[in-house]
Amino acid sequence: MSGIGLTISVRSESDPLGDDYDHPDAQVTEVGGFPAILVAVQPDFVCDIAVKTAPDQGFTVLYGALDQTLDSCGGARMVADQLAARVREG
């Protein structure tokens, strides 16, 4: 079975990283120069990246791939990188 799911959420009144700091699989990273946290929810299927673009602002990308040959975290990072570039451009 193949398929990809993508959810993008904009956070404007709370720290987008706050919910993920306590996750046992959280990996602190950067996306487009912004602080971020990556969580491989189910490493072969679902990956979540939260990106903080300003105080109490940012976005999250939830990327799921039903096909285990696809890299869900690579897909999530690609989308997050593109969104971060747009934010940087203004």
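The chain has a mean pLDDT of 88, and 94% of its residues reach 70 or more. pLDDT is the predictor's confidence in each residue, on a scale from 0 to 100. This is a predicted model: local features need pLDDT of at least 70, side-chain atom pairs count only at pLDDT 80 or more, and totals for chains, interfaces and linings use all residues. Residues are numbered from 1 along each chain as its sequence is written, and side-chain values use heavy atoms, with hydrogens and water left out. Among the elements, strand β2 (residues 26-31) has the highest mean pLDDT, 94. Strand β3 (residues 34-42) has the lowest, 89. Where pLDDT is low, the predicted coordinates should not be read in detail.

**Strands around β5**

Helices (H or I, at least four residues) and strands (E, at least two) are DSSP runs, numbered from the N terminus. Two strands pair if DSSP finds at least two bridges between them. Strand β5 (residues 57-65) pairs with strand β4 (residues 46-54) in the antiparallel sense, over eight bridges. Two residues separate β4 and β5, which form a hairpin. In its turn, D56 has a positive phi of about 55 degrees. Strand β1 is also joined to β5 by eight bridges, again antiparallel. Some partners across these pairings follow.

| Residue | Partner in β5 |
|---|---|
| I4 | A65 |

Buried means under 20% relative accessible area, exposed over 50%, and partly exposed in between (1.4 Å probe, protein chains only). Seven of the nine residues of β5 are buried, so the strand is largely enclosed by the rest of the structure. T60 lies in β5 and counts as buried at 13% relative accessibility. Contact means heavy atoms within 4.5 Å. Leaving aside residues up to four places away in sequence, T60 touches T7, I8, S9, R11, P16, D48, I49 and A50.

**Nonpolar core**

A nonpolar core is a set of buried Ala, Val, Leu, Ile, Met, Phe, Trp, Tyr and Cys residues joined through side-chain atoms within 4.5 Å. The largest one has 17 residues. V31, I49, V51, F59, V61, A76 and A80 have the most contacts inside this core. β3, β4, β5 and α1 (72-89) each supply at least two of its residues. Helix α1 gives the largest share, five residues. V61 touches L6, T7, I8, C47, D48, I49, A76, V79, A80 and L83, not counting residues up to four places away in sequence.

**Disulfide and salt bridge**

Which cysteines does the disulfide join? C47 is linked to C73, with an S to S distance of 2.2 Å. The criterion is a pair of cysteine sulfur atoms within 2.5 Å, and the count comes to one. The link of C47 and C73 is right-handed, with 95 degrees about the S-S bond. C47 lies in strand β4 and C73 in helix α1, so the pair ties together parts that are 26 residues apart in sequence. C47 counts as buried at 0% relative accessibility. C73 counts as buried at 17%.

A salt bridge is a side-chain nitrogen of Lys or Arg within 4 Å of a carboxyl oxygen of Asp or Glu. By this rule the count is one. The side chains of D15 and K52 meet in it, at 3.6 Å from N to O. D15 lies in the loop between β1 (4-11) and β2, and K52 in strand β4, so the pair ties together parts that are 37 residues apart in sequence. D15 is partly exposed at 23% relative accessibility. K52 is partly exposed too, with a relative accessible area of 24%.
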